[in-house]
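Thank you all for coming. I would like to take a few minutes on one model, so please look at the sequence and the structure together as I go.

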Amino acid sequence: MKWDDALGAIAFVEDHLESQGLPVELGIFGISRGAGAAIIAARRNPAIKAILTDGLFSSDMALEAS
């Protein structure tokens, strides 16, 4: 799933921020299908505080997953 890639990238950034002693508060940006992945990832991860999307591509799968 597209959002699995997003969640993996988010986990990497979270680990980096934690290792630097920085707050784990993130924003996410997605275009088209990436916008859908960003929204789903944000719903699944409370560290994401801001979402910016452009041209959200919807599908039944994306709607059901959220």
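Let me begin with Gly27, which lies in strand 1, residues 26-31, where helices (H or I, at least four residues) and strands (E, at least two) are DSSP runs, numbered from the N terminus. Gly27 is exposed, at a relative accessible area of 58%; here buried means under 20% relative accessible area, exposed over 50%, and partly exposed in between, with a 1.4 Å probe and protein chains only. Between the C-alpha atoms of Gly27 and Ala42, which are 15 residues apart along the chain, the separation is 8.8 Å.

A word on the basis of all this: the model is predicted, local features need pLDDT of at least 70, side-chain atom pairs count only at pLDDT 80 or more, and totals for chains, interfaces and linings use all residues. Residues are numbered from 1 along each chain as its sequence is written, and side-chain values use heavy atoms, with hydrogens and water left out.

As for confidence, pLDDT being the predictor's confidence in each residue, from 0 to 100, the chain has a mean of 86, with 82% of its residues at 70 or more. Confidence is lowest in helix 3, residues 60-65, at a mean of 59, and highest in strand 2, residues 48-54, at 95.

The chain has three helices and two strands, and along the sequence they follow the pattern α-β-α-β-α. Of its 66 residues, 29% count as buried.

Which residues make up the largest nonpolar core? There are nine: Ala6, Ile10, Leu17, Leu26, Ile28, Ala38, Ala41, Ala42 and Ile48, a nonpolar core being a set of buried Ala, Val, Leu, Ile, Met, Phe, Trp, Tyr and Cys residues joined through side-chain atoms within 4.5 Å. Helix 1 (2-19), strand 1 and helix 2 (33-44) are the elements that give two or more residues to this core.

Leu17, found in helix 1, is buried, with a relative accessible area of 14%. Setting aside residues up to four places away in sequence, Leu17 touches Leu22, Pro23, Val24 and Leu26, where contact means heavy atoms within 4.5 Å. Leu26, leaving aside its neighbours within four places in sequence, is in contact with several residues, including Ile10, Val13, Glu14 and Leu17, as well as Ala47, Ile48, Lys49 and Ala50.

Finally, please turn to Ser32, which is found in the loop between strand 1 and helix 2. Ser32 counts as partly exposed, at 31% relative accessibility, and its phi is near 55°, a positive value in a residue other than glycine. For background, most residues other than glycine have a negative phi.
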